[in-house]
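Biologist: Please take me through one part of this protein in close detail. I would like to look at the aromatic residues inside it and at what surrounds them.

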Amino acid sequence: ILLLNRYEVMASGDTGGCVSITLRFSGGAELLFDKRKTIPVTAPVSTLGQLITWIRDHLLQERPELFTQGDSVRPGILVLVNDTDWELAGTLAYELQTGDEIHFISTLHGG
């Protein structure tokens, strides 16, 4: 497996076992990812739960406690799968499809 552009993982020659999706971050969550609001990735995962772990291990730039709690996102992070609440999609068990758009929105704000 090769690491390309720090954000893409590709199996040599094909995407077998990988899914190509778009990650979006807003509401302050983008600050944890080098201020990037959109990150296209090809990752060796099949479920949303696996994706969250992969994001934590490969993309998160700082303060993982502000994004994850255990194997999920922390309370206060809204997750949308193709503009639909992830609770309706199956949360961590959702089977990712190529072309999916996963949006992480932070509702945590200092004050």
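Modeller: A residue counts as buried when its relative accessible area is under 20%. By that rule, 37% of the 111 residues of the protein are buried. Keep in mind that this is a predicted model.

Start with the overall layout. The protein has two helices and nine strands. From the N terminus on, the elements run β-β-β-β-α-β-β-β-β-α-β. Now take the contacts between residues at least 6 apart in sequence. Of these, 58% join residues at least 24 apart.

The largest nonpolar core has 28 residues. Leu23, Leu51, Phe67, Ile102 and Phe104 have the most contacts inside this core. Several elements each supply at least two of its residues: β3 (19–26), β4 (38–43), α1 (48–58), β7 (77–81) and β9 (101–106). The largest share comes from α1, with five residues.

Now to the aromatic rings. A search of the whole structure finds five aromatic pairs. One of them is formed by Phe25 and Phe104. Their ring centres are 5.5 Å apart and their planes meet at 15°, so this pair is stacked. Planes under 30 degrees apart count that way. The two partners come from distant parts of the chain. Phe25 is in strand β3, Phe104 is in strand β9, and 79 residues separate them. Both Phe25 and Phe104 are buried.

Phe33 and Phe67 form another aromatic pair, and this one is edge-to-face. Here the distance is 5.2 Å centre to centre, with 80° between the planes. Planes over 60 degrees apart fall in that class. This pair also links distant parts of the chain. Phe33 sits in the loop between β3 and β4. Phe67 sits in the loop between α1 and β5 (68–69). They are 34 residues apart.

Phe25, Phe33, Phe67 and Phe104 form one aromatic cluster.

Leave out residues up to four places away in sequence. Phe67 then touches Phe25, Leu32, Phe33, Ile55, Leu60, Ser72, Val73, Arg74, Ile77 and Phe104. That list includes Phe25, Phe33 and Phe104 from the cluster. It also includes Ser72 and Arg74.

Phe104 lies in strand β9. Its relative accessible area is 0%, so Phe104 is buried. Count its contacts by the same rule. Phe104 touches Leu23, Arg24, Phe25, Ser26, Ala29, Ile52, Ile55, Phe67, Val73, Ile77, Leu78 and Val79. Leu23 and Phe67, two of these partners, are also among the core residues with the most contacts.

Phe104 and Gly28 are 76 residues apart in sequence and 9.7 Å apart in space, C-alpha to C-alpha. Gly28 is one of the residues that line the largest pocket. That pocket has a volume of about 190 Å³. Ten residues line it, and Gly28, Leu31, Leu32, Leu66 and Leu108 lie nearest its centre. The lining divides into five nonpolar, three polar and two charged residues.

Key:
Residues are numbered from 1 along each chain as its sequence is written. This is a predicted model: local features need pLDDT of at least 70, side-chain atom pairs count only at pLDDT 80 or more; totals for chains, interfaces and linings use all residues. Side-chain values use heavy atoms; hydrogens and water are left out. A nonpolar core is a set of buried Ala, Val, Leu, Ile, Met, Phe, Trp, Tyr and Cys residues joined through side-chain atoms within 4.5 Å. Buried means under 20% relative accessible area, exposed over 50%, partly exposed in between (1.4 Å probe, protein chains only). Helices (H or I, at least four residues) and strands (E, at least two) are DSSP runs, numbered from the N terminus. Contact means heavy atoms within 4.5 Å. Rings of Phe, Tyr and Trp (its six-membered ring) pair if their centres lie within 6.5 Å; planes under 30 degrees apart count as stacked, over 60 as edge-to-face and the rest as tilted. On a 1 Å grid over the protein atoms alone, a cavity is a set of points where a 1.4 Å probe fits but cannot get out, and a pocket is an open set with protein on both sides within 12 Å along at least five of seven lines; lining residues have an atom within 4 Å of a point. Grid points are joined across faces, edges and corners, and a volume is the space filled by probe spheres set on the points. Ala, Val, Leu, Ile, Met, Phe, Trp, Tyr, Cys and Pro count as nonpolar, Asp, Glu, Lys and Arg as charged, and the others, Gly among them, as polar.
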